[in-house]
Amino acid sequence: MDHQVKVATLIPGQRTAAGPLADDIRRCVACGICLTVCPTYQVTLEEWQSPRGRIAAMRAVAEGRAPLNERFAAFMYDCLACRACEAVCPSGVPFGRMVEAARVEAERVVRRPLTVRLSRWILLNWALKSRRRFARFVRLLDLYRKIPGRRVLAGIAPGLKMAEAQFGQATDRVDLPERLTPAGPVAGRAVLLTGCVMDFWFRPAHLATARTLVAAGYEVVIPRDQWCCGALHFHNGQPENGRRLAADLVRTVLNYGPDVIVTNSAGCGSVLKEYAELLAETPGAEAAVEFGRRVRDIHEVLLAAPELPNLRPVRRRVVVENPCHLVHAQRLAGVTRQLLGRVPELEVIEPRDANRCCGAAGIFGLERPDMSARLLNDKLAALEPFRPDEIVSANPGCLLQLRTGARERGWNIPIRHPVELFAEGLADG
Ligand code: SF4
Ligand code: SF4
């Protein structure tokens, strides 16, 4: 295959979820404000590892001054897609959707080590296709965890060490009810999205989410027939696969007549809220608009709830880590601090760098293990002086990443979803 394809005819025609990529590229005035918040730039101090550099690469390819080649693809996958740049850009450059669109093109020419290709294929193209397959994938991981010396094996293959450390963690399975009803007046019906990774590794967070929703007066429905939202596919150059999963989820969930559709996964939430754009040119477009209008992160629902029961004191010191897709993509800065601030006697610390990426970024650790590990180390080094009793983060990828780093440092503290800690304050918690 000719990897030196000129893309004057390709990238301008490539559409983001909301329009031609070329229009978005033109909005960048190269001011460089975004460099101050870009984690990959801060680590490397290289222009090509910055948002401005990445946009310049997109522009060069779009204008036919540079080829669409392996190097361009590498630039696009060096990015965490954390969207910190987007949140501070004075020109409103929608970097998140741009890098997603550029990755669709990059997929045509990208080269990856065999182990990374295989791992991506197993996760994105096989396991995530259905709940049944994902359950098989998790069973295989359970078997894998029993192999003696597995960590040595993982150390041999680039990218697999990070994947092993994260997905090699034991899953946390507890039974979830299908429906819960509040004792008093009903504020509405909430459908709780359980997702894929969240549902196999973080069921206690779902249980806590359901309990807090009931405390806020909602009837809670947890459909058994729901599955993945497609976020990992949209973020990794496979929008067609993402759209298939998204369309299924929209159909399934709307059948339950929700007043509000609740997610507790920041990465999923950012994509769920963009379904109207992502499914705009599909037969399910109207339903996607309906769906998108009802989606809320659990923080939003609880902070807006007119009445919550009195919470009992929890005497502990907790450090809050904010997922990029909560603060930069959904623009929900400070919500975890505000929510936990309602729990009496809980000492809530939100460090200065709480909004900086921990290096998880979906499957970034598989693609760029060194940068991922560097960002994780920086993050934990910054947290150490606080000596927290526990750490909270509202995204499954970040939780797996932080647990990996904490385990390596010998920290024996809970690292979990903030709603679990909040639920402890409920009277029967
Ligand atoms: S993306 Fe925005 S902040 Fe960054 S250089 Fe371009 S205009 Fe400036
Ligand atoms: S998305 Fe994150 S890593 Fe990528 S350019 Fe923007 S700030 Fe940098």
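Tutor: Helices here are DSSP runs of H or I with at least four residues, and strands are DSSP runs of E with at least two, both numbered from the N terminus. The model is predicted: local features need pLDDT of at least 70, side-chain atom pairs count only at pLDDT 80 or more, and totals for chains, interfaces and linings use all residues. Residues are numbered from 1 along each chain as its sequence is written, while chains are lettered from A and ligands numbered from 1 in the order in which they are written.

Student: OK. Which helix gives the most to the shell around ligand 1?

Tutor: Helix α3, residues 51-62, with three residues.

Student: And how many residues surround the ligand 1 site?

Tutor: 14. The closest are C28, C31, C34, C89 and V93. A residue counts as near if its C-beta atom, placed from the backbone, lies within 6 Å.

Student: What's the shell around ligand 1 like by class?

Tutor: 11 nonpolar, two polar and one charged. Ala, Val, Leu, Ile, Met, Phe, Trp, Tyr, Cys and Pro count as nonpolar, Asp, Glu, Lys and Arg as charged, and the others, Gly among them, as polar.

Student: New topic. What does the domain assignment give?

Tutor: Domain 1 is 5-106 and domain 2 is 310-424. Such bounds come from an automatic or database assignment. The C-alpha centres of the two domains lie 28 Å apart.

Student: Now helices. At what angle do α22 and α23 pack?

Tutor: About 70°, with axes 10 Å apart. Axes are lines fitted to C-alpha atoms, for helices over the stretch in contact, and angles run from 0 to 180 degrees between N-to-C directions. So α22 is roughly perpendicular to α23, a label for 65 to 115 degrees; under 35 is roughly parallel, over 145 roughly antiparallel, and the rest oblique.

Student: Which residues meet there, in α22 and α23?

Tutor: L376, N377 and L380 from α22 meet Q401, G405 and A406 from α23.

Student: Last one. In what order do the strands of the open sheet run?

Tutor: β5-β7-β6-β8-β9, with mixed pairing. Strands pair if DSSP finds at least two bridges between them. β5 (179-180) and β9 (295-297) stand at the edges with a single partner strand each, so one side of each has no neighbour in the sheet.

Methods:
Two residues are in contact if their C-beta atoms, placed from the backbone, lie within 7 Å.
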